[in-house]
Amino acid sequence: MGDSLDLSTADLAALAFFLVAWLLHTFASDGKLVSRVSLTTAMNAQRQAWMRTMAEREIRIVDTAIMSGLQQGTAFFASSSLIAIGGCFALLGASDRVLEVLSDLPLGGAPSRAAFQIKVFGLVLILAFSFFKFGWAYRLFNYCTILIGAVPIPHGEASRNPVTETAVWRAAQMNMLAGKHFNSGLRGVFFSIGYLGWFVDPMVFVLSTLLLLAVLVRRQFFSAARQAVIGQPPGLGKG
């Protein structure tokens, strides 16, 4: 199989390691592998709190402004993914020059032209995956805006009736789902950086994947951002 793809056994092993690392990080971030609360999980709780607070406001300008910001950020990354895909096809057109540069590197030497093109197409697939995730997240954030508009205006006990609670639940679920797809797209962009190591050497690919994974794990489980979300001010609750 390796010969038919013009990829060595080391290349295929490094690629498998990369995909497993990506998959495990996705599961861990979603709270499916470890008990420690991730930044993503903690922010989902804040999304729910936001929707509950939104339901108690009669004027929801701040909520629509936040949603607009989320959509603009998602659209930016979707456009960036498309530009990066175009850059990959330009890279294919400059294969000979790139291979010359890689041949001058001290590690491994340049791959064959066919192997190089396979690796570029792999990068295209990652970026295309990210683009579709960002595109769907943008659509879901748009749906969430509509669901926010469908939440009844509070009047006395109206904010606690079943109709309002259902509307709040729907808006929160849509917001979390949009955030999940946005995070998936962003994760694809991050892992595309680690993927670049494959153009140098399979071992460099493994090392770049490990380095990227260490950075992402730290951000999800041990960062100051996570502590800011789940922490409490010093002295709070003390007599």
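The legends below describe several close-up views of a predicted model. Residues are numbered from 1 along each chain as its sequence is written. Because the model is predicted, local features need pLDDT of at least 70 and side-chain atom pairs count only at pLDDT 80 or more, while totals for chains, interfaces and linings use all residues, and side-chain values use heavy atoms, with hydrogens and water left out.

View 1. The protein has nine helices and zero strands, where helices (H or I, at least four residues) and strands (E, at least two) are DSSP runs numbered from the N terminus. Of its 239 residues, 37% are buried, a word that here means under 20% relative accessible area, with exposed meaning over 50% and partly exposed in between (1.4 Å probe, protein chains only).

**View 2. The largest nonpolar core.** A nonpolar core is a set of buried Ala, Val, Leu, Ile, Met, Phe, Trp, Tyr and Cys residues joined through side-chain atoms within 4.5 Å. The largest one holds 24 residues, of which Phe18, Phe191 and Tyr195 touch the most other members. Helices H2 (9-29), H4 (61-93), H6 (113-149), H7 (162-195) and H8 (202-221) each supply at least two residues of this core, and the largest share, seven residues, comes from H6.

**View 3. The surroundings of tyrosine 195.** When residues up to four places away in sequence are not counted, tyrosine 195 touches Leu15, Phe18, Ile118, Lys119, Gly122, Leu123, Ile126 and Phe205, contact meaning heavy atoms within 4.5 Å.

**View 4. Helix H7 from end to end.** At 1.5 Å a residue, the 34 residues of H7 should span 50 Å, and this agrees with the 49 Å between its end C-alpha atoms; the expected span is 1.5 Å times one less than the number of residues. Asparagine 161 caps the N-terminal end of H7, with a side-chain oxygen 3.1 Å from the backbone nitrogen of valine 163.

**View 5. Serine 192 within helix H7.** Serine 192 lies in helix H7 and is buried, because its relative accessible area is 7%. Leaving aside neighbours within four places in sequence, serine 192 is in contact with Leu123, Ile126 and Leu127. Serine 192 and leucine 127 are 65 residues apart in sequence, yet 7.3 Å apart in space, C-alpha to C-alpha. The side chain of serine 192 also reaches the backbone oxygen of valine 189 at 2.5 Å.

Terms used
A polar contact is a pair of N or O atoms within 3.5 Å; within protein, one must be able to donate a hydrogen and the other to accept it, and residues adjacent in sequence count only if both atoms are side-chain atoms.
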